[in-house]
Amino acid sequence: YYGRAVVELGEGFMKLADVKDSLDCDIKQNFIDPMQQTIQTDYKESIQNHRKKMNSRRLDYDYKISQHEKGKCTEDELYTAEDKFNESMQNADVGMKKFVQAQEEHIHQLQALVGFIKNYHETAIRILDEVQNNIQDHAASAQSLPKNDVRPIARISSIQQPRSSIVSSPSEPRPMKPEAELPVPPAKPVAAKPVPKAKALYDFEAENPTELDLKENDIVILIKQIDENWFEGEI
């Protein structure tokens, strides 16, 4: 029953993933794409561009007025600048009105967005309720199964203990089998301690009986050290 419950849980997660993919597609097609189109076309092109052009022509019109007062601008130039400014102001006003008139459509898009999200959660809850009910059924089925008592299995030794027909009393010592004498391993030879030696670097002629006559490369066996400069030795 546990394996079936795990399989049904996995299938429920797969259904949730499909519902989430459907939600993403609906939001993109019915809300995000229209919203991007509205920002790109209705706002930037119809409103923002006309407002920039209107501000530019207003500055030109104000400049022509000041120049006309100084006698540096003709009446025709002044009227032409005024007409362009009024035209840009009218276009910006029309674009703003179109944007405001489209607000009903934008509100419907928001309503559709909320509906998509609501439908997603309702479907997800329905899927999870179904999975939960199935798992509860499996739990009830598993609980109804008979529970067998678990007992440890007795361990049987394959080695039989020998039986003796002779029983000795505790006061009498049991005869002991004499143990065979074990061979004594031969002693390991002790490594000889190395004898310190020295090599003559040059010829030396003894000056008294306690010194040695040496030739270059003679080997002297050192017996003991007299001080830091002298050793007692023999050739």
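Q: Before we look at the sheet, what makes two strands count as a pair?
A: Two strands pair if DSSP finds at least two bridges between them. In this predicted model, strand β2, residues 219-225, is joined to β3 by four bridges, and the two run antiparallel.

Q: How do the strands of a sheet hold on to each other, and in what order do they come here?
A: In general, strands of a sheet pair through backbone hydrogen bonds, either parallel or antiparallel. Here three strands form an open sheet in the order β1-β2-β3, with antiparallel pairing. The edges are β1 (197-199) and β3 (231-234), each of which pairs on one side only. On average, neighbouring strands of this sheet are turned by 45 degrees against each other, direction ignored.

Q: Which residue of β3 stands opposite I221?
A: Look for E234 in β3, which faces I221.

Q: How should I read a salt bridge, and how many are there?
A: The general idea is that side chains of opposite charge can pair when their charged atoms come close. The count here is seven salt bridges. One of them links K224 and E232, whose closest N and O atoms are 3.8 Å apart. K224 is partly exposed, at 48% relative accessibility, and E232 is partly exposed too, at 34%.

Q: Where do D62 and R58 lie?
A: Both are in helix α1 (residues 2-69), four residues apart, about one turn of the helix. D62 is partly exposed at 36%, and R58 at 35%.

Q: Why are D60 and K64 separated by about one helical turn?
A: Because they are four residues apart in helix α1. D60 and K64 form a salt bridge as well, with the closest N and O atoms 3.6 Å apart. D60 has a relative accessible area of 33%, so this residue counts as partly exposed.

Q: Which residues make the nonpolar surface patch?
A: L9, F13 and I135 make this patch, which covers about 250 Å². I135 belongs to helix α3, residues 103-143. With a relative accessible area of 32%, I135 is partly exposed.

Definitions and conventions: Residues numbered from 1 in each chain as written. Predicted model: local features only at pLDDT ≥ 70, side-chain atom pairs only at ≥ 80, totals over all residues. Heavy atoms only, no water. Axes fitted to C-alpha atoms, helices over the stretch in contact; angles between N-to-C directions. Patch = residues over 30% accessible without salt bridge, like charges linked within 9 Å, V, L, I, M, F, W, Y side chains within 5 Å. Areas by Shrake-Rupley, 256 points an atom, 1.4 Å probe, with all protein chains shown as cover. Salt bridge = Lys/Arg side-chain N within 4 Å of Asp/Glu carboxyl O. Buried < 20%, exposed > 50% of the residue type's maximum accessible area, 1.4 Å probe, protein only.
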